[in-house]
Amino acid sequence: MSLNVENVDVAYGDLQVLWGVSLEVKSGELVALIGSNGAGKTTTLKTIMGILSPKSGNIKYLESDLLKLKPYERVKKGIAIVPEGRRLFPYMSVLDNILVGAYSREAREKLKDNLEWVFSLFPILKERKDQLASTLSGGEQQMLNIARSLISKPKLIMFDELSFGLAPIVVSKLVDTVHRLNKEEHMSVLLVEQNVRNALEIADYGYVLENGRVMLKGEAKDLLASEYVKKAFLGTI
Amino acid sequence: MAGVKKAWKTAVGVVAALFLLVSVPFLFSSYPFVTYIIFLLFIYITLAASWNFAGGYGGQMNLAQAAFFGAGAYTQALLAKTVPPYFCLLLGGVVAVAISTIVIPCFRLKGTYFAIGTLVLPEIIKVIIINREELGGAGGLHLPVPTQYQIASYYYPSLILALITILITYLLIRSSFGYSLQAMGDDEDAAESIGIATLKYKILSMFVNAFFAGIAGALYASYILYVQPYQAFDMVNWTFYPIFMVLLGGIRTMKGPILGSIIFMGLYYVITLYLTELSLIIFGLLLVVIAVFLPEGISSKITFKLREKKGSGS
Amino acid sequence: MVPKSYDKIRAKQATIIAVLLAILFLTISYFGYGWLTQFFALGVILGGIYAVAAIPFAWIYGVMRFFNLAHGELIIVGAYVSYWLFVIAQIDPFVSLPLSFAFLAAVGFIYYKVIVSRIRKVGVNPTLVASFGLAFALQGLMLLICRADPRAILTPYSKVGISIGPVVLPLIRVIVLLVAVTIMILLRYFLMRTFFGRACRAVSQDWEVSEMIGINSERIYMLSFILCSGLAGIAGTLIGMAYSFEPTIGLRAYLLKSIAITVLGGVGSIGGIIAGGIVLGLAEVFGALFLGGGYRDAIAFIILILAISFKPTGLFGKVAHL
C-alpha cells in the first residue's frame with residue numbers, strides 16, 4: 001500500500017508553492033512531514049487529496065495514477081485526510097458529522113462495526129453524540145475531526161496539523177491514538193505536525209519541507225538526531 | 001511610436017463614432033422611432049454606467065435605482081411649468097440624491113441583505129405618490145407639451161448626458177476617490193482595515209449613481225410627457241435592465257455598460273419588433289446563452305482579444 | 001461558530017409576538033372572534049403553501065449558493081402541467097402530483113446540466129443573468145402556449161366548503177395544506193436522517209471539507225437541483241388547486257415571497273421556513289384586511305425589511321447552511 005508522490009510542482013495561479021516535491025509512504029509506515037509555517041505541508045496534503053492539482057509531477061497510490069481521480073474517488077480508494085483547523089460541520093451533531101464521513105457505499109455497509117470501533121477510540125464522542133459539533137471543546141473537536149475521517153476505515157490516513165491549538169495533555173493522547181492506528185490497525189499514516197519531537201518519535205520515516213522543497217529526508221530516528229533538525233526547530237524539539 | 005499611432009487610431013475612431021451619433025436624427029428623420037430607440041439607449045447607458053460606478057466598482061449591489069429615476073421623472077413633471085428646462089434636469093438629479101439618503105441606514109447591512117433593503121425604496125415612494133393627489137396619485141401627471149416637440153431636441157441632451165456620465169465616472173475612477181472605491185469593492189473588510197472610510201465611499205458613490213439616474217429620469221419624463229408611479233418607478237425597467245446590461249457587458253469596466261446596453265437593447269428591440277410572439281422566449285434564451293458562454297461579460301472577451309493582438313505584435 | 005447574540009434573537013422574537021398580539025387585539029375588537037379565526041385559518045393555509053414553495057429555493061441556495069431567479073417560473077410550470085393533465089386527460093390533480101414532480105425534475109436536470117453546472121464556478125453575476133433569462137424564456141413560453149388569463153384547477157370538489165368550528169374553509173385548501181405539511185415533514189426527515197440529506201447539509205456548511213471526506217459535491221448539487229425543481233412542480237400543482245395562477249405571477253409573487261420567507265426563516269431549518277411562511281401568510285391576510293387588497297405583494301416587501309432589521313446574523317445566517 002504505497003503512496004508515491006513524484007516530483008510534484010504546485011502553484012496557486014502564478015504563485016508556485018511546491019517545487020519538485022517527492023515523498024513515499026510505504027504500506028504500514030508512519031511518515032512524518034515537518035517544516036515551519038508556510039513550508040507547504042498543507043498544500044502537499046491537499047494535492048494528494050485532490051483539492052489542488054499539480055502543475056507537473058505524478059501521484060500514485062497502489063501503482064494506480066491518482067491524478068485523474070476527484071477527491072471523493074480518492075477517498076473511495078482508501079485515502080483519508082483529517083483537515084487542519086478542525087473544520088467540522090458546525091450545525092450538525094457529533095453523530096451526523098461522523099456519519100457523513102461514511103458517505104460511500106462501501107463505508108455504509110460496514111458502518112455499524114466501524115462506528116463501534118470509532119466510539120471505542122473516542123468514548124467522549126459517544127457521550128456527546130447528539131450535541132452540535134460547535135459546542136465541543138478544542139480537543140473533542142479534533143477527536144471528532146479524526147473520527148469523521150476514520151469512519152470509512154481508510155488504508156492511508158493523513159493528518160494535517162494534528163495538534164494545532166491544543167493543550168499538551170490532549171495532544172499526547174492524540175499522538176498516542178495515531179501511533180495505535182498505525183501499529184495496531186496497520187494504517188499507513190502521513191502526519192503533518194508542528195511538534196517535531198512528537199512526530200518523529202512515533203514515525204518510521206520523515207521528510208522536512210522548507211519553502212516548498214524537500215530539504216531533508218530519512219529514518220525518523222536519524223532526523224531526530226540531525227543537527228539541521230535540531231537547529232531549525234529549536235524550541236519545538 | 002506605436003503608442004502614438006494607437007492613440008491617433010482611437011481618437012479617429014471616437015470622433016467618427018461621435019459624428020455618426022450626432023447625425024442620427026438627420027439620417028433617420030423619416031423614422032423618428034429609430035432616433036427614439038437610440039435616445040432610449042443613451043438613457044440606459046447613463047443608468048448602466050452610473051449603476052456600475054457604485055455597484056460594479058464599489059461593490060454595492062444597490063437596487064434602488066428605479067427610485068432615483070422616478071424621483072427625477074417626477075421632479076421634472078412637477079416643476080416643468082415653473083422652472084427652465086435644463087435646470088429642471090439638474091434639479092431632478094438633486095432630488096434623486098436627496099431621496100437616496102433614505103437608503104443610508106441600509107449601509108450597515110452587508111451583501112445581498114443590503115440589496116434587498118434598497119429594493120424597498122422605489123416601492124415606498126410609489127406608495128406615497130399613489131396616495132397623494134397633489135403628486136398625481138395613481139393616475140399620474142401630464143407635462144405641458146412644448147411648442148416645438150420633436151425627438152431631436154431630446155436626443156442631443158440624452159447623448160450629452162450619456163457622455164458626461166461616462167466621462168465623470170471615468171475621471172472619478174481614475175482619481176484617488178476611485179482608487180479607494182475599488183479597494184472597497186474588492187474587499188470591504190480589507191479596505192476598512194487599511195483605514196478607508198467605507199461608509200463615506202458608499203454614500204458618495206450612491207449619490208453619483210442617484211444624480212445621473214435622476215437626470216436620466218427627468219429627461220425621459222420630459223420626452224414622454226407623462227409620469228405615472230408604476231411606470232416611473234418600475235424596477236424591472238430602470239433597475240434590473242441596466243444591471244443586466246452591466247453584467248452582460250462586463251461589470252467593473254468602462255466599456256461594459258456601453259456594450260451591454262447596446263447588445264441588450266439591440267436584442268430586445270430587434271426581437272420584439274420582428275418576433276413579437278416569441279420575443280420573451282428568445283430574449284430570455286439569449287441572456288442564458290450569453291451568461292453561459294460569456295460568463296465574464298462581453299467586454300472581457302473583447303479585452304482578451306485586444307491583449308492577444310498586442311502581445312503578438314510587440 | 002455558535003449562533004451569536006441570543007439576546008437579539010429573543011428581542012426579535014419578542015417583537016414579533018408583540019406585533020402579532022397587537023394584530024390579534026385589533027381584529028377581535030373590530031370584527032369579533034369568529035372573523036379572527038377565519039382569517040387566521042386562511043392565513044395559515046396560505047402560509048403553509050408559501051412555505052412549500054419556498055423550501056426548494058432555500059435548499060438550492062443553501063447547498064450551492066445559487067440564487068435561482070427562475071424559481072417562480074418553475075412553480076408555475078408545475079401548475080400548468082397539472083392543469084393541462086386535468087383538462088385534457090381528466091387526471092385528478094392529487095394524482096398528478098408525482099407527474100408534476102417528475103416533469104419538473106426533468107426540467108431541473110436539463111437546467112442543471114446545460115446552464116448551472118457551467119456557470120456555477122464563475123460567480124454570482126452569470127447565475128443571476130442566466131436564471132433571469134431562463135425565467136423570461138419560461139414565462140414567454142407559458143404566455144405563448146397557455147395565454148395570459150388566470151386559471152385554476154377546478155375539480156368537482158373544489159367548491160366544497162368545510163366547517164371547522166366557527167370557521168368555513170374551502171375543503172380543497174385544507175387538503176392542500178395537509179398535503180403540504182406532510183411533504184414538509186417528509187423533507188425534514190429526509191434532510192436529517194438520510195445520507196443524502198446529511199451530505200446536502202455538509203456541502204452547504206463547508207463544501208471543501210465535504211469533498212475531502214468523500215462526498216461528491218457535484219453530484220449533490222445535481223441531485224439537489226433535480227429534487228428541488230421537482231418540489232417546485234409539486235408546489236405549483238398545490239397552488240393551482242388552491243388558488244389561481246397565470247404566467248406572470250411566478251416572478252412577481254412567488255419568487256419574491258420565497259426570498260422573503262427564506263430570509264425570515266433562515267435557509268437551514270425547514271421549521272424556520274414553515275414559521276416564516278405562516279408569518280407571511282398571516283401578514284398578507286390581515287394586511288389585506290386592514291390595508292386593502294392592492295398591498296398584498298407589498299406586504300412581502302415589508303416583511304422582508306422587518307426581517308432584515310431584526311435578524312442579527314445577516315441575510316441567510318452567517319453561514320447559509322442547511
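In what order do the elements of chain C run from the N terminus on? They run α-α-α-α-α-β-β-α-α-α-α-α-α-α. That gives chain C 12 helices and 2 strands. Helices here are DSSP runs of H or I with at least four residues, strands are runs of E with at least two, and both are numbered from the N terminus.

This is a predicted model, in which local features need pLDDT of at least 70, side-chain atom pairs count only at pLDDT 80 or more, and totals for chains, interfaces and linings use all residues. Residues are numbered from 1 along each chain as its sequence is written, while chains are lettered from A and ligands numbered from 1 in the order in which they are written.

Stay with chain C. Of its 322 residues, 52% are buried. A residue is buried if 20 or more other C-beta atoms lie within 10 Å of its own, exposed if 12 or fewer, and partly exposed in between, with C-beta atoms placed from the backbone. Among contacts in chain C with a separation of 6 or more, 79% link residues 24 or more positions apart. A contact means C-beta atoms, placed from the backbone, within 7 Å.

Now chain B. Its secondary structure comes to 14 helices and 2 strands. The radius of gyration of chain B is 20 Å, close to the 20 Å of the globule rule for 314 residues, so chain B is as compact as a globular protein of that length. The radius is taken over C-alpha atoms, and the rule is 2.2 Å times the number of residues to the power 0.38. The C-alpha trace of chain B spans about 65 × 55 × 40 Å along its principal axes. Buried residues make up 47% of chain B.

One residue of chain B is worth a stop. B:M61 sits in the loop between α2 (32–57) and α3 (65–79) of chain B. B:M61 counts as buried because it has 20 C-beta neighbours inside 10 Å. B:A115 is 54 residues from B:M61 in sequence, yet their C-alpha atoms are 5.3 Å apart.

Chains B and C meet. The contact takes 27 residues from chain B and 27 residues from chain C. On the chain B side, α5 (111–131), α11 (235–249) and α13 (279–293) each supply at least two residues. The largest share, 10 residues, comes from α13(B). This side of chain B has 19 nonpolar, 5 polar and 3 charged residues. Ala, Val, Leu, Ile, Met, Phe, Trp, Tyr, Cys and Pro count as nonpolar, Asp, Glu, Lys and Arg as charged, and the others, Gly among them, as polar.

Turn to chain A and strand β7 (residues 156–160). Why is β7(A) described as largely enclosed by the rest of the structure? Because 5 of its 5 residues are buried. A:L156, A:M158 and A:D160 cover one side, and A:I157 and A:F159 the other. Strand β6 (residues 79–82) of chain A runs parallel to β7(A), joined by 4 bridges. Strand β8 (residues 188–192) of chain A also pairs with β7(A) in the parallel sense, over 5 bridges. Pairing requires at least two DSSP bridges. Here A:F159 stands opposite A:L191 in β8(A).

The largest nonpolar core holds 273 residues, and A:V31, A:L191, C:I49 and C:L238 touch the most other members. Such a core is a set of buried Ala, Val, Leu, Ile, Met, Phe, Trp, Tyr and Cys residues joined through C-beta atoms within 7 Å. Helix α2 (residues 33–64) of chain C gives the most to this core, with 18 residues.

Note on methods: Two residues are in contact if their C-beta atoms, placed from the backbone, lie within 7 Å.
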